[in-house]
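Morning, everyone. Please have the sequence and the model open while I talk.

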Amino acid sequence: PEPVTPEGWEALRLEREIDEGRFELSPAEVEHKELLMADAFSAWTRRDFKAYVAALERSGRHDVHTVARETAAETGKEEAEVRRYHAVFWNRLQELQDWPKILERIEKGEKRIRRTMEIRDALEAKMARHPDPRRRMTIAYGAQKGRLYTEENDVFLITMMHRYGYGAWDRIRLEARHNWQFRFDWWFKSRTAAELQKRGEVLIKIIERENEQFRNAVVVRGARKRVPTAHAAALSS
């Protein structure tokens, strides 16, 4: 038989120790293993992962600060660790078996965030044109006035959506119930949060259309002002 080399004896020794359950890592190997385990986030459970993905759905992938804060609060992990997890997650997302479904959930959440921001901006633009909304706000209903809600009801809803945010329907319902303006308006005071939400959706569409018409009118007025100036300049030359 061929002589066994020192490396061969070492391999045989390791194999025997593994078979007998006596194999131990050297201190350097233990340290290297711990580093690898830390990079692999072995302490993250399925529950931690779900908490992280839920935070992404609520805040979006770019708001790392909020995602880290909310995930850390729910899982008990350090925010710095969540930030490291966030970077690895997006670098290796496609290695997950069900990554298309996970990404779809996150993107749906981000779409909701964008829509919420659009609604906030629409309300800001509407309120900026009416510094005293209760006395001076008008609404360009078109064919969407309806017969149940009064203009006073609608102005109140617009003001409350601007104050508390689109979606705070329970808070808005309580404000309507206790507001002195509607102390005799039992119908409006008795609306549910779901009913106010439906009316809010209608009002947002009206406001967005009105904002678009206002922007177009501003552009037209600006163009009309520039035409005489250009004409005068041509004559003088």
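Predicted model: local features only at pLDDT ≥ 70, side-chain atom pairs only at ≥ 80, totals over all residues.

Now the overview. The protein chain has eleven helices and zero strands. Read from the N terminus, the elements run α-α-α-α-α-α-α-α-α-α-α. The protein chain holds 237 residues, and buried ones make up 30% of them. Then the contacts. Take those between residues at least 6 apart in sequence. Of these, 59% join residues at least 24 apart.

Next, the rings. How many aromatic pairs does the structure hold? The count is eleven. Let's look at one. Trp-44 and Tyr-85 form a stacked pair. Their ring centres are 3.7 Å apart, with 5° between the planes. Where do these two residues sit in the chain? Trp-44 is in the loop between helix H2 (27-39) and helix H3 (46-59). Tyr-85 is in helix H5, residues 79-91. That puts them 41 residues apart, and the pair links distant parts of the chain.

Are Trp-44 and Tyr-85 buried or exposed? The cut-off for buried is under 20% relative accessible area. Trp-44 has 11%, so Trp-44 is buried. Tyr-85 has 12%, so Tyr-85 counts as buried too.

Here is another pair, with another geometry. Tyr-52 lies in helix H3 and Phe-89 in helix H5, so the pair ties together parts that are 37 residues apart in sequence. Both Tyr-52 and Phe-89 are buried.

Now join things up. Ring pairs link six residues into a cluster: Trp-44, Phe-49, Tyr-52, Tyr-85, Phe-89 and Trp-90.

Let's stay with one cluster member, Trp-90. Trp-90 lies in helix H5. Its relative accessible area is 23%, so Trp-90 is partly exposed. What does Trp-90 touch, beyond residues up to four places away in sequence? The list is Tyr-52, Leu-56, Arg-61, Leu-103 and Ile-106. Take Arg-61 from that list. Trp-90 and Arg-61 are 29 residues apart along the chain. Their C-alpha atoms are separated by 8.9 Å.

On to helix packing. Start with H3 and H6. Their axes are 6 Å apart, at an angle of about 35°. From H3, the contact uses Phe-49, Val-53, Leu-56, Glu-57, Arg-58 and Ser-59. From H6, it uses Ile-102, Arg-105, Ile-106, Gly-109, Glu-110, Arg-112 and Ile-113. Sorted by class, that contact has six nonpolar, two polar and five charged residues. Note Phe-49: this residue of H3 meets H6, and Phe-49 is also in the ring cluster.

H6 has a contact with H8 as well. H6 covers residues 99-128, and H8 covers 151-164. The axes lie 10 Å apart, and the angle is about 120°. That makes H6 oblique to H8. The crossing is left-handed. On the H6 side we have Leu-123, Glu-124, Lys-126 and Met-127. On the H8 side we have Ile-158, Thr-159, Met-161 and His-162. The residues of this contact divide into four nonpolar, two polar and two charged.

Then H8 and H9. The angle here is about 135°, with the axes 10 Å apart. That makes H8 oblique to H9. Which hand does this crossing have? H8 passes H9 in a right-handed crossing. Phe-156, Leu-157, Met-160, Met-161 and Tyr-164 in H8 meet Trp-169, Arg-171, Ile-172, Glu-175 and Ala-176 in H9. By class, the contact has eight nonpolar, no polar and two charged residues.

You'll find Ala-176 in helix H9, residues 169-178. Its relative accessibility is 1%, so Ala-176 counts as buried. Leave aside its neighbours within four places in sequence. Ala-176 is then in contact with Phe-156, Phe-182, Phe-188 and Lys-189. Compare Ala-176 with Leu-157: 19 residues apart in sequence, and 8.4 Å apart in space, C-alpha to C-alpha.

To recap: eleven helices and zero strands, eleven aromatic pairs, and a ring cluster that includes Trp-44 and Trp-90. Thank you.

Methods:
Residues numbered from 1 in each chain as written. Heavy atoms only, no water. Axes fitted to C-alpha atoms, helices over the stretch in contact; angles between N-to-C directions. Helix = DSSP H or I, 4+ residues; strand = E, 2+ residues; numbered from the N terminus. Parallel < 35°, antiparallel > 145°, perpendicular 65-115°, else oblique. Left-handed = near helix turned anticlockwise from the far one by under 90°. Contact = heavy atoms within 4.5 Å. Nonpolar A, V, L, I, M, F, W, Y, C, P; charged D, E, K, R; others polar. Phe/Tyr/Trp six-rings, centres within 6.5 Å; stacked < 30°, edge-to-face > 60°. Buried < 20%, exposed > 50% of the residue type's maximum accessible area, 1.4 Å probe, protein only.
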